[in-house]
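Reader: I am new to this structure and would like to go through it step by step. Please show it first.

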Amino acid sequence: MQLDRKLNDQDSNPNSSGSQGQDIVRVEKKVAELIEAIEQADIDTHLSKHYQKEIADAFHRSAATQKKLAPFRELDQDNNLSREELLEGLEKLLAENQFDSRINAPKQTSMVQKGVMFILAILLIIVGFAMIIMPAPPSFELFTVYYFNINDGVTIMDLVSLLIIFGGVLLFVLNFNKK
């Protein structure tokens with residue numbers, strides 16, 4: 001098995017860390033359990049392709065994480081640098097690479113959050129149209145920007161209402177935009 005070979009290669013490498021070897025052993029055990037569970041289960045082809053994609057995505061995320069952390073490991077292994085040079089190198093790497101402690105966590109927005117954002121967007125759009133359609137008291141109609149006739153025109157309140165509608169539409173689009 002390839003994992004056995006990689007595990008043996010890691011054990012023979014003097015630079016390998018103990019935690020990386022433990023990670024490989026843990027993954028090897030889980031893969032063996034997964035293989036056993038798959039062999040015993042009756043799974044259709046659509047579900048198996050879905051699981052294959054999820055497993056492949058997990059390996060891609062792991063590889064991407066290793067790629068992002070590689071410059072930091074290189075800086076850590078360079079023993080002939082002074083503390084000032086290490087600090088300058090770390091500062092440069094942190095400025096170039098933007099990540100946080102949740103680097104492995106996939107970004108998922110919950111359905112509750114999407115539902116609340118959807119309702120808020122619809123409410124903003126409805127309130128904006130209501131502000132335009134419904135008559136407002138004269139004290140609230142501050143300034144007319146453009147006159148259609150002597151009694152009617154576009155006021156600042158109408159422009160604010162259009163901004164509210166635009167905000168609702170923008171919120172609606174950003175809520176359902178795939179990232």
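Reader: Among contacts between residues at least 6 apart in sequence, what percentage join residues at least 24 apart?
Author: The model is a predicted one. Contacts in the chain are taken here between residues at least 6 apart in sequence. Of these, the share that joins residues at least 24 apart is 52%.

Reader: In what order do the helices and strands run?
Author: The chain has 6 helices and 2 strands. Read from the N terminus, the order is α-α-α-α-α-β-β-α.

Reader: What percentage of the residues count as buried?
Author: A residue is buried when its relative accessible area is under 20%. The chain has 179 residues, and the part of them that counts as buried is 12%.

Reader: How far apart are the end C-alpha atoms of helix H5, and what span should the helix have?
Author: Helix H5 covers residues 111–133, which is 23 residues. At 1.5 Å a residue, helix H5 should span 33 Å. The distance between its end C-alpha atoms agrees with this, at 33 Å.

Reader: Which element do the buried residues of H5 pack against?
Author: The buried residues of H5 are Ala-121, Ile-125 and Gly-128. An α-helix has 3.6 residues a turn, so residues three or four places apart point the same way. The element that the buried residues of H5 pack against is H6.

Reader: Is Asp-158 buried or exposed?
Author: Asp-158 lies in helix H6, residues 156–176. Beyond its neighbours within four places in sequence, Asp-158 is in contact with Ile-132 and Gly-153. Its relative accessible area is 16%, and the cut-off is under 20%. Asp-158 is therefore buried.

Note on methods: Residues numbered from 1 in each chain as written. Predicted model: local features only at pLDDT ≥ 70, side-chain atom pairs only at ≥ 80, totals over all residues. Heavy atoms only, no water. Helix = DSSP H or I, 4+ residues; strand = E, 2+ residues; numbered from the N terminus. Buried < 20%, exposed > 50% of the residue type's maximum accessible area, 1.4 Å probe, protein only. Contact = heavy atoms within 4.5 Å. Expected span 1.5 Å × (residues − 1).
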